[in-house]
Each structure stands twice: as structure tokens, then as C-alpha cells.
Amino acid sequence: VYTLGMTAQRGLLAVIAVGGVPAEPTLFVSVKMGVVPSIVASDCAVARRGSVLMRYVKSSRVSSLHSGHGHSLGAAARILTQLCCLHLLFVVLLASAGAVDQDQWEGPHLPRPTGKYPIGTQVLLLSDGSRPNPIAAMGPREIQVQIWYPAAQIGGARQPYAPKSLVDLFEKQEYMDVPREQLERWRPLQTSASTAVPPNAGRFPLLIFGHGAGLSRVSYSAFAQELASLGYIIVAIDFPEGGLGVYPNGRVTTFEPAANDEELDRRVNAFVRDASFVLDSLLIAKGPLARFGPRISKGTVAIGGHSLGGMVALSAPLFDRRFKASIDLDGSPVGRVVQDGLARPTLIVLNEPDAAHRPPEKMGLERDREFTDVINKRGTVADLVVVSGTTHLSFTDLPFLVPPSMFAKHGATTSPE
């Protein structure tokens, strides 16, 4: 039995003995509701509460993650601490959720944000003159983004969830295999964000976020508006040729899967450059994003994404050191990350369907080994979370937008709330 040093604030952590001596230090922790725990460990900790499994993989040196009472941390640790607080809130909420209730679904909706800030949002088109446009025959590379931010005031028109032209494209492309009659119900949906409202005068952490392959930036609106209400600035990117999008000039971008690993690596590297260009536009304060630059807390810049966007998030800090942390929602390590490991503190969240729909155990072990290898390359601080009762698309807005039965038949039994 291994014992690791640990502390907790406003609650208890229970250590459970495990038989035998594990290959690496292992700690099972029961996290009490309402607790923001602090774990001081040197190698690996695994925690389970309800339907949530948390595995903390630390570097070989003792490191401390906590809510900020009396310890002096470097810039990377500070941004990770902030993200860990978000991560633990996310975990506790999911742990307390029961099975999906088929009878209580209220129809397509986005949950109301819980933070104290009113939310603003804008959809903007950026142009990178240093690279060609992969969609048009000529001209600069165009990158459509949607920025979500803490607003200075409440007011203004509400931002629609998806414009008519985008829902039309969703129907044409059979978006996420959602039936047409369900997609039609998305048309009147609105977000909780207002358009054309000025940003709050404070400074806030920045998260640049990328969508999954073949998806759209709008499919992460619940996530984006919740974080904006809590005091984060989120810039969601429509990757050119990475998913579905309709630009202000009417140009449409669609998606074809990569033909091979080399093509996938090329695309990921191109999307990493897109993320860096977006960051340039904010920090240099040029172009449509210029007015938001002064609102960025420049030492707290992270990159995140789902699936393909998660691959980009894992890779980006290897190319751009301005990204201080990464969040990967169900994306696999590819390209340079496999050889070089993680460059920055990283949060990795993976799906796990119910037992009847789970892939063979061998595949799960291979996935665990893949991430363990990447984390151990440099001994980078990383949190790996496996959420039981979820599927790959559980990390999008889809669970809020379609009947629970559509998800349950694929093994998603955890309520999205």
C-alpha cells in the first residue's frame, strides 16, 4: 500500500487501501461534495466518485495543485490551478448527476450560465495574409471565430444559436446524424449572450477552443457561455476545411476525413498555426479582435478543443510557448506530441460508454498506454479524467439538443447537466 501526502480544504479525502504494491504510486480518493481538494503527490493518483474517474499523473518532483492559499507557484502552475478548479467543478457536477431521465427532457435548450458576469459574443472573420486560402482559389486564408466574453452590461439582442444558413448546411450534411426534424427545432434557439455589448473593463484568462472533425464552433456554445459567465474569454475557431461553417460572404466550408496519418498531421499543424494567428490578433491588438486584446490577462492563455480540436490543443504548446496550458476533450495525441510529449500542463477528459456499449478492454488499455506514454515523455503535469456514461459527442452541445434516448442507445447514461 502506497501512502501519498495530501491536504484538503473544507472537506475530507478518504484513502482506500489497495492490495499488493502497484507499479506506480496509486491513491484512491473519495471526493466529498462541495470540496475543492488539494493533492500533493509525486506520481499518480486515481480517484473515483459515482460515475467519474480521475487519474492525476504528476511529474517526478512533488507538485502542488490547490485553490491558492499561501503557496508560491510559477506561471504555468497558476494557470493550471485555475483550470483545475474548473476541472474539479466539472467533475463534481458530473459525479452528482444521475442517469438520464427520459421523461424530463424539456426539448432543445442550452443550460443557463451560472457565473456572475453578463455575456457578450461576436462572430468575426480574420484574414491571414501569410498563407493561402484552402477554400477559395485565391486570396488570404480566412479564419472565422466567435468570441465569448464577460460583458460590461446586460442588454442588446440575443445571439442565435445557429444562423439559418448554418442550420440549412447541417441538414444538407446530416450533421452528427441528427434527424432533420430535430435539426429544425434548433432554428429558434438562442444563446444567453448578447451581441454588440462592450467587454468588461477587467482582465481575464483566455481560452482558444477548436471543434471536432466535421463539426462547427457553435456546437460548444454551452461550454463557451458558461466559462464566459465565470470570467473567461473564449475564442471558438471554425477551422478551414476542418468542419462545417458559413462565412459572412456566403462561402461554405465542409469537411472530408484525412486520407492518412500524414494528411492528418498536416491539418493539425495548419490548425495550430490558425490558433497562433488568432492569439497574435488578440495580443498585438490588430484587426477585428483588437478591442479585446487589452482585456486579456496575458500570463493566463490556454488552448483547448474536442476531438480534432483536442489534437490541436495537445500540439500547440510545442510550437507556441505563449499557450500556458492545454485542455483536450477526447482527442488523441498525434504527430510531434507522440515523439516529444506534452509541453505544458494539460487536462485530458475522455469518454467511457456504459458497459454494454464499451469497446473491448484491450482498446481501453491501449488508450491508457498511449496517454501514459505521452505524459511520461517529459513528466509534464497532467490531469486525465475518464467520465463514465459518456460517448464522444457527450462533450458537445448535442446532449442538450436531442432527446436523451438518442444518446442512451449509444451508451451515454450520464445527464448532460
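Modeller: Let us begin with W186, which counts as buried because its relative accessibility is 0%. Please keep in mind that this is a predicted model.

Biologist: Which residues have the most contacts inside the largest nonpolar core?

Modeller: They are Y161, F170, W186 and I234, in a core that has 44 residues. Among the elements that each supply at least two residues of this core are helices α2 (164-173) and α4 (221-229), strand β12 (204-210) and helix α9 (398-401). Another core, of 35 residues, lies apart from it, and L126, V235, I296 and V301 are among its members.

Biologist: What arrangement do F209 and F223 form?

Modeller: Their pair is tilted, with 5.1 Å from centre to centre and 45° between the planes. Because F209 lies in strand β12 and F223 in helix α4, this pair ties together parts that are 14 residues apart in sequence. F209 is buried at a relative accessible area of 4%, whereas F223, at 27%, is partly exposed. Returning to the rings around W186, this residue forms one aromatic cluster with Y161, F170 and Y175.

Biologist: Where does the charged end of R336 sit?

Modeller: For such a case one looks at where the charge lies relative to a ring, and here the charged end of R336 sits over the ring of F319, 5.0 Å from its centre.

Biologist: And how should I read the salt bridges; how many does a search of the whole structure find?

Modeller: Side chains of opposite charge can pair when their charged atoms come close. The search finds 15 salt bridges here. In one of them K164 meets D168 at 3.0 Å, N to O, and these two residues are separated by about one helical turn because they are four residues apart in helix α2. K164 is exposed at 60% relative accessible area, while D168 counts as partly exposed at 30%. D168 also meets R187 in a salt bridge, at 2.7 Å, N to O. Since D168 lies in helix α2 and R187 in the loop between α3 and β11, that pair ties together parts 19 residues apart in sequence.

Biologist: Which residues are linked with these in a network of salt bridges?

Modeller: The network links K164, D168 and R187 with E171, R180 and E184. A further salt bridge joins R322 to D280, with the closest N and O atoms 2.7 Å apart. Its partners are 42 residues apart, R322 being in the loop between α6 (308-319) and β17 and D280 in helix α5.

Key
Residues are numbered from 1 along each chain as its sequence is written. This is a predicted model: local features need pLDDT of at least 70, side-chain atom pairs count only at pLDDT 80 or more; totals for chains, interfaces and linings use all residues. Side-chain values use heavy atoms; hydrogens and water are left out. A nonpolar core is a set of buried Ala, Val, Leu, Ile, Met, Phe, Trp, Tyr and Cys residues joined through side-chain atoms within 4.5 Å. Buried means under 20% relative accessible area, exposed over 50%, partly exposed in between (1.4 Å probe, protein chains only). Rings of Phe, Tyr and Trp (its six-membered ring) pair if their centres lie within 6.5 Å; planes under 30 degrees apart count as stacked, over 60 as edge-to-face and the rest as tilted. A charge sits over a ring if NZ of Lys or CZ of Arg is within 6 Å of the ring centre and within 35 degrees of the ring normal. A salt bridge is a side-chain nitrogen of Lys or Arg within 4 Å of a carboxyl oxygen of Asp or Glu.
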